[in-house]
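Dear colleague,

I am passing on the structure we spoke about, together with some notes on what was found in it. Please look through the model first and then read on.

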Amino acid sequence: MRYMKIGFGNQCLLALFLGLFAGRLLPNVVIDAIIPIGSVFIKLLQLIVIPLTFSTIVSSFAKLEDMSLVKMLGSRTLLWFMVTALIAASVGVIIGVFINPGQGLILSSAMQNYQPRDIPAVSQIFLDMVPGNIIGQIASGQVIPVIIFAIFFGLALTSMGNKAPHVKSFFDEFSKVMFVITRKIIRLSPYGIFALLVDVGHNYGADALLPLGKFIIAVYLACFIQLIVYAILLAIFANKNPIVFFKQFWPAMITGFTTSSSLGTLPVTLETLVDRVGISSRTSGFVAPLGATMKMDGCGAIFPAIVCIMTATVFGIHLSMFQYILIVITAAVATIGTAGVPGTASIMAIVVLTSVGLPLEGLALVVGIDKIVDMMRTMTNVTGSGVCAVLVERGCKNKADI
């Protein structure tokens, strides 16, 4: 008797729906026993983020024998990051105006007392990115300093040519070991996804979602349109079938959706790009870690744009065309400028609201359902990172063999 084999991506998708249903149907005692499994899965992903990121970046740079390739990778990566961020912010504004999620909403007394988080000074943001006590920064969960240090380390190895073969060999083999560990952990994804969605299904019912249903629909619709934009970019600029890409990249997308963490999904993103999409380890090792901290089309572009439109409606503020343009530009720049700051989506929304002169209290309206919209936001972030890796690789292959 033959059994139907379910692909890994479909296993993750099935776990997602089963988790949501189980969270609504199972008794609290069983749910309390399942939820820690999701926390264990997140911890396992966090375990491999730093060693995998560092070793992959160093190994990737060490294999680039020509410094011109480094410049090419860097310039093309930043170019696609900015292009897609501008498009995402524009999509957010258009969908926000079209759906108008703030219509009919009022601020409750609890929301009126909401205290928004302080925006870190620009100087502090950049200081937090600079590698200092690297061990302490790793312990505090700061990934950007690790990425920058890894880039410096990799560039130094590249500039030395053949003078440090043992160091290059060590990091190359170390990154391969980390990929083996990563693959083992990723095979646990369906179980972790099921447990994480049990928690979501248990905590969010119709009573919590209905008042802000239009806002949720607006974010999900805008993110879906951004995925269509990615598909068009893949077809035009990478000559790649978008359907094939999404089937290949599906495990990373589902993991991003359920974990709501671009950094937590980074191991899955790297493994999926190399093993399933077929991107070289050098390109994926360069683009994906940067994308996990700087490529935030969902959190940094779409979400703040829709929050601004909703806030203006709730407070009866008319936005001029200049303010709409300012929202798009500020959201796109903030995507990179606030990278590595905890609570990124909220911070970015505050930055954009402030730049347009809108009340920060508007953000209080959506705090209660942040987890629901964060799932789609993060999946968009992760997908954008993967798409940019494909676009960068295609562009560089037209110039040189990487």
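How many salt bridges does the structure hold? There are 3 of them, where a salt bridge is a side-chain nitrogen of Lys or Arg within 4 Å of a carboxyl oxygen of Asp or Glu. Before the details, please bear in mind that this is a predicted model, in which local features need pLDDT of at least 70 and side-chain atom pairs count only at pLDDT 80 or more, while totals for chains, interfaces and linings use all residues. Residues are numbered from 1 along each chain as its sequence is written, and side-chain values use heavy atoms, with hydrogens and water left out.

**Salt bridges**

One of the bridges joins Asp374 to Arg377, whose side chains meet at 2.8 Å, N to O. Asp374 and Arg377 are 3 residues apart in helix H18, so about one helical turn separates them (helices, H or I of at least four residues, and strands, E of at least two, are DSSP runs numbered from the N terminus). Asp374 is buried, with a relative accessible area of 13%, and Arg377 counts as buried at 1% relative accessibility; here buried means under 20% relative accessible area, exposed over 50%, and partly exposed in between, with a 1.4 Å probe and protein chains only.

Another bridge links Lys176 with Asp172, the closest N and O atoms being 3.6 Å apart. Both Lys176 and Asp172 belong to helix H8 (residues 165–186), where they are 4 residues apart, about one turn of the helix. Asp172 is buried, at a relative accessible area of 19%.

Phe303 is buried, with a relative accessible area of 1%, and, not counting residues up to four places away in sequence, Phe303 touches Phe215, Gly298, Ala345, Ala349, Leu363, Val366, Asp370, Val373 and Arg377, contact meaning heavy atoms within 4.5 Å.

The largest nonpolar core has 114 residues, and Phe303 is among those with the most contacts inside it, together with Phe215, Phe245, Phe249, Ile327, Leu363 and Val366. A nonpolar core is a set of buried Ala, Val, Leu, Ile, Met, Phe, Trp, Tyr and Cys residues joined through side-chain atoms within 4.5 Å. Helix H18 (residues 370–397) gives the most to this core, with 13 residues. Apart from this core lies another, of 5 residues, among them Ala22, Ile31, Ala195 and Val198.

**Aromatic pairs**

The structure holds 11 aromatic pairs, counted where rings of Phe, Tyr and Trp (its six-membered ring) have centres within 6.5 Å, with planes under 30 degrees apart called stacked, over 60 edge-to-face and the rest tilted. Phe54 and Phe149 form a stacked pair, 5.6 Å centre to centre with 25 degrees between the planes. Phe54 lies in helix H2 (residues 28–62) and Phe149 in helix H7 (residues 144–159), so this pair ties together parts that are 95 residues apart in sequence. Phe54 counts as buried at 16% relative accessibility, whereas Phe149, at 33%, counts as partly exposed.

Phe215 and Phe303 form an edge-to-face pair, 6.0 Å centre to centre with 80 degrees between the planes. That pair links distant parts of the chain, with Phe215 in helix H11 (residues 213–237) and Phe303 in helix H15 (residues 297–314), 88 residues apart. Ring pairs also link Phe54, Phe149, Phe153, Phe170, Phe171 and Phe174 into a cluster.

**Helix H14**

Helix H14 (residues 281–294) is mostly covered, with 12 of its 14 residues buried, including Phe286, Pro289 and Met294.

With best regards
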